[in-house]
Amino acid sequence: EPITHEGFPPIPSPWDAMPGTGQTPAAAPSAPHARVPPAATPAVPSAQPSAKSSAREQQLFQEIVEHAGDLIAVLDEQGKRLYSNPRHAEVLDSPERLQGTTAYVDVHPDDRQMVGDAFRTAFREGNDTRVEYRLMDKKGSVRVMESVGVVLPPPSTGESRAVVVSRDVTDRVHQEQDREALLRALGPLTGERYFHNLVYVLAGTLNVRYVLVSKSLYQPCERVRSIAYWANGMLMPPFEYDLADTTCEAVYSTRGPV
């Protein structure tokens, strides 16, 4: 029986008529395995893409390739270019003029054999390959490139092809070379010789006229003394100066470049 309290109406059971609606909810199934009508099953779309969707995907892929910042080319087993994206025009030549040319001829002569061997091995074994080498661009400058080649399965008739994506890594390689040169120059040194060599190497690496290394004399730091000072191609004698109103004060207070 519903519980009643004085002054309040009885609390309805969930299976009683809902107040104010006059509707009664459906009764619960009489048994756990009572049959329930199956819900409508939505139609499953076909796994085969339509011709229209395939055309859209192909157009999207073409736009991505043609606007990519990397060099993208398709090569045959002899290294001849079957396709070159428009980015080649900025580095080597127009895609039309590169059609049918051999990609290895633009590689630096000292790296040409290494690059050719790497891609011939990739074609023979059907594996992907990654190689770093020097490239001679259309202005005669040397660029350091990193290329990744993916060998495609051969079609029913014809020979295998490879998609090659090449990226200019010249800046990264130069930074690594500068860091290695700095470590070689400073590694065996200690004391004053270390700092004297430091300002010399930094001036050449960064191509600047002045390099100054100083240490604080007091705490809080208001005055400093130079440990090593390179100026206009010469090592200068040490000196002291106040930090106030100098660039060094901003460097010291922010602990960062200014």
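Does arginine 225 count as buried, partly exposed or exposed, and what is its relative accessibility? In this predicted model, arginine 225 counts as partly exposed, at 31% relative accessibility.

**The five-stranded sheet**

Five strands form an open sheet with antiparallel pairing, arranged in the order E2-E1-E5-E4-E3. Its edges are strand E2, residues 81-84, and strand E3, residues 129-136, each of which pairs on one side only. On average, and with direction ignored, neighbouring strands of this sheet are turned by 25° against each other. Within the sheet, strand E1 (residues 71-76) is joined to strand E5 (residues 161-168) by antiparallel pairing over six bridges, and leucine 71 has serine 166 of E5 standing opposite. Helix H4, which spans residues 109-125, packs on the sheet and touches E1, E3, E5 and strand E4 (142-152), while the direction of the helix makes about 150° with that of E3.

**Salt bridges**

| Side-chain pair | N to O distance |
|---|---|
| Glutamate 132 and arginine 172 | 2.8 Å |
| Arginine 223 and glutamate 240 | 3.1 Å |
| Glutamate 240 and arginine 225 | 3.4 Å |

The side chains of glutamate 132 and arginine 172 meet in a salt bridge, and this pair links distant parts of the chain, since glutamate 132 belongs to strand E3 and arginine 172 to helix H5 (residues 170-186), 40 residues apart. Glutamate 132 is partly exposed, with a relative accessible area of 39%, and arginine 172 likewise counts as partly exposed, at 36% relative accessibility.

A salt bridge also joins the side chains of arginine 223 and glutamate 240; because arginine 223 lies in strand E7 (residues 223-231) and glutamate 240 in strand E9 (residues 240-242), the pair ties together parts that are 17 residues apart in sequence. Arginine 223 counts as partly exposed at 24% relative accessibility, as does glutamate 240 at 35%.

Glutamate 240 meets arginine 225 in a salt bridge as well, linking strand E9 with strand E7 across a separation of 15 residues. Salt bridges that share partners join Arg223, Arg225, Glu240 and Asp242 into one network.

Key. Residues are numbered from 1 along each chain as its sequence is written. This is a predicted model: local features need pLDDT of at least 70, side-chain atom pairs count only at pLDDT 80 or more; totals for chains, interfaces and linings use all residues. Side-chain values use heavy atoms; hydrogens and water are left out. Two strands pair if DSSP finds at least two bridges between them. Helices (H or I, at least four residues) and strands (E, at least two) are DSSP runs, numbered from the N terminus. Axes are lines fitted to C-alpha atoms, for helices over the stretch in contact, and angles run from 0 to 180 degrees between N-to-C directions. Contact means heavy atoms within 4.5 Å. A salt bridge is a side-chain nitrogen of Lys or Arg within 4 Å of a carboxyl oxygen of Asp or Glu. Buried means under 20% relative accessible area, exposed over 50%, partly exposed in between (1.4 Å probe, protein chains only).
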